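Grab a pencil and open the model in your viewer. Try each exercise yourself before you read the worked solution.

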Amino acid sequence: MLFVSCAPGLEPLVSSELDSLGLRGRATPGGVEFNGGMAEMFAANLWLRTASRVLISAAAFHASSFHELERRANQVPWETWLPKGERVRFRVTCRKSRLYHSDAVAERLGNAAAKRANAVASDDEDAQLFVVRIFRDECTIRADSSGELLHRRGYRQSLAKAPLRETLASAMLLASEWDLGSPLIDPFCGSGTIPIEAALMARRIAPGITRSFAFQRWPSHDQDQWNGIRGKAREAALQSAPAMILASDRDEGAVRATIENAERAGVAADIDASVRPVSAVDLPSARGWVVTNPPYGVRIGERGELRNLYAGFGNALRRAGARYRLAILSADRELEAQLRLDLEEVLRTTNGGIPVRLLVGEIE
C-alpha cells in the first residue's frame with residue numbers, strides 16, 4: 001500500500017493525477033492511498049505534480065504499551081529501506097492511544113532500526129524519514145520514498161517576493177482546466193513558477209525527471225527498473241510547447257528570475273517573459289487562459305494600493321475583448337471583488353501559511 005501526501009485541499013487533484021497514471025486511489029484528509037509496488041512508487045514520484053511525498057507501507061500493528069511497541073518494532077524489516085549505518089528520523093503522531101509521547105515512541109523505533117540495520121538517529125533533513133501514526137493503539141509505519149519534498153524540482157534558485165510553491169502552481173493549472181494547447185498568460189509572474197510549470201505540463205516533461213529520490217539509496221532499490229521508467233519518461237517529452245506561454249511582471253528583478261529559472265528547467269524557449277505593468281496585459285488571441293497569483297496585501301498600508309491594482313487588472317482583462325478563462329489565487333474577498341468578474345471557488349488550500357482560494361471564471 002502506498003500513500004501520497006499533499007497540502008490540504010489538493011487531494012482531489014492528486015487523485016486525478018493518479019488516475020491519469022492508471023492508479024486508482026482513495027482520497028483521505030492529507031493525501032491519497034493506492035495499491036502498488038516499486039514500479040507504481042517510481043511513477044508517482046516521477047510524475048505527480050501536486051503531491052508532497054510518496055510513502056510506502058513498512059508495518060502496521062497493535063501497540064498499547066512500550067513493551068509491545070518494542071517487540072513489534074524489532075520485527076520490522078528496517079534493512080529493506082536502510083543501508084547499514086544510514087541516518088534515520090521519525091515523524092510520530094499519537095492520538096487517542098495509550099502511547100501518547102511521540103518522542104518516546106520515536107526513541108523505541110530508532111532503537112529497533114539500530115539493532116537490525118545499525119541505523120543512526122538523526123534530525124538531518126536528508127536522513128531516511130519514517131512517518132508513524134498511532135491511532136486508537138494501532139501503529140502504522142510508512143517509509144518516505146521521496147526524500148526532499150516533491151515540489152523541489154531543482155530549477156527554482158532565483159526567487160522574487162513571496163514565491164509560489166511548484167505544487168500549488170501545478171494545482172492552479174490543473175484546476176483551471178487549461179487545455180495545454182491554448183495561450184496561457186501570467187501577468188504577476190514573480191519568479192516564474194506558474195509559467196514554468198505550465199511549460200513542463202505542455203511539453204509532457206515529468207516534474208521529477210532531473211532530481212534524485214530517497215528510494216535510490218534503499219538496499220531493495222532496482223536501478224534497472226528505475227532507469228527503464230525514467231527513460232520512457234524522457235522519450236515521451238515534446239521538443240517544444242504547443243501553447244504560447246507569456247509571463248510578465250512590473251518588477252524587472254522578478255522577470256530576470258523567471259528567465260533564469262526557466263533556463264534551469266529547460267523551458268526558456270517556451271516562455272515569453274517581459275517587464276510590463278498589469279494594466280498593459282496582452283491577450284494575444286481570441287481564446288486562452290490567465291492563471292495568476294497576485295499580491296495579497298497582508299501588510300498594513302497596502303490595501304488601498306492593492307484595491308486599485310485589482311480594479312485595474314479587472315478593467316484590463318475586460319478591455320482586451322478576448323474570451324479568456326481566469327484562474328486567480330485569492331486571500332482577500334474585498335480585493336477579489338474589485339475585479340468585478342463572476343468567479344467561482346474551485347479549491348481551498350494555504351500558501352505560505354495563508355488560507356487561499358482558487359477562483360475560476362470566464363472573462364466576458
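**Exercise 1.** Find D137: is this residue buried or exposed?

*Solution.* Start with accessibility: D137 has 8% relative accessibility, so it counts as buried (buried is under 20% relative accessible area, exposed over 50%, partly exposed in between, with a 1.4 Å probe and protein chains only). Next, place D137 in the fold: it sits in the loop between β7 (128-135) and β8 (138-144). Last, check the backbone: phi of D137 is positive, about 70°, although the residue is not a glycine.

A word on the ground rules. This is a predicted model, so local features need pLDDT of at least 70 and side-chain atom pairs count only at pLDDT 80 or more, while totals for chains, interfaces and linings use all residues. Residues are numbered from 1 along each chain as its sequence is written, and side-chain values use heavy atoms, with hydrogens and water left out.

**Exercise 2.** Now do N118: which loop holds this residue?

*Solution.* Look between α4 (102-117) and β6 (120-121); that loop is where N118 is found. N118 is not a glycine, yet its phi is positive, at about 55°. Its relative accessible area is 45%, so N118 is partly exposed.

**Exercise 3.** Work out which residues of helix α8 are buried, and what covers them.

*Solution.* First, get the helix itself: α8 runs over residues 252-265, and its 14 residues reach 20 Å from first C-alpha to last. That is close to the 20 Å expected at 1.5 Å a residue (the expected span is 1.5 Å times one less than the number of residues).

Second, list the buried ones: A254, V255, A257, T258, N261, A262 and A265. They cover an arc of only 155° around the axis, which puts them on the same side of α8 (the arc is that of the directions from the helix axis to the C-beta atoms). On the other side, E252 and E263 are exposed.

Third, see what lies over the buried residues: the cover includes α6 (193-202), β10 (245-249) and β11 (271-275).

Finally, check the ends. D251 caps the N-terminal end, with a side-chain oxygen 2.7 Å from the backbone nitrogen of G253. After α8 comes G266, with a positive phi near 80°.

**Exercise 4.** Which residues have the most contacts inside the largest nonpolar core?

*Solution.* The core has 90 residues, and the ones to pick are W78, F90, L109, F130, I141, W178 and V267. A nonpolar core is a set of buried Ala, Val, Leu, Ile, Met, Phe, Trp, Tyr and Cys residues joined through side-chain atoms within 4.5 Å. α6 gives the most to this core, with seven residues. Apart from it lies another core, of 23 residues, among them L246, A316, L339 and L341.

Now zoom in on I141. Ignoring neighbours within four places in sequence, its contacts (heavy atoms within 4.5 Å) include W78, L109 and F130.

**Exercise 5.** Trace the open sheet: what is its strand order?

*Solution.* Eight strands line up as β2-β3-β1-β4-β8-β7-β5-β6, with mixed pairing (two strands pair if DSSP finds at least two bridges between them). The edges are β2 and β6, each pairing on one side only.

Definitions and conventions: Helices (H or I, at least four residues) and strands (E, at least two) are DSSP runs, numbered from the N terminus. A polar contact is a pair of N or O atoms within 3.5 Å; within protein, one must be able to donate a hydrogen and the other to accept it, and residues adjacent in sequence count only if both atoms are side-chain atoms.
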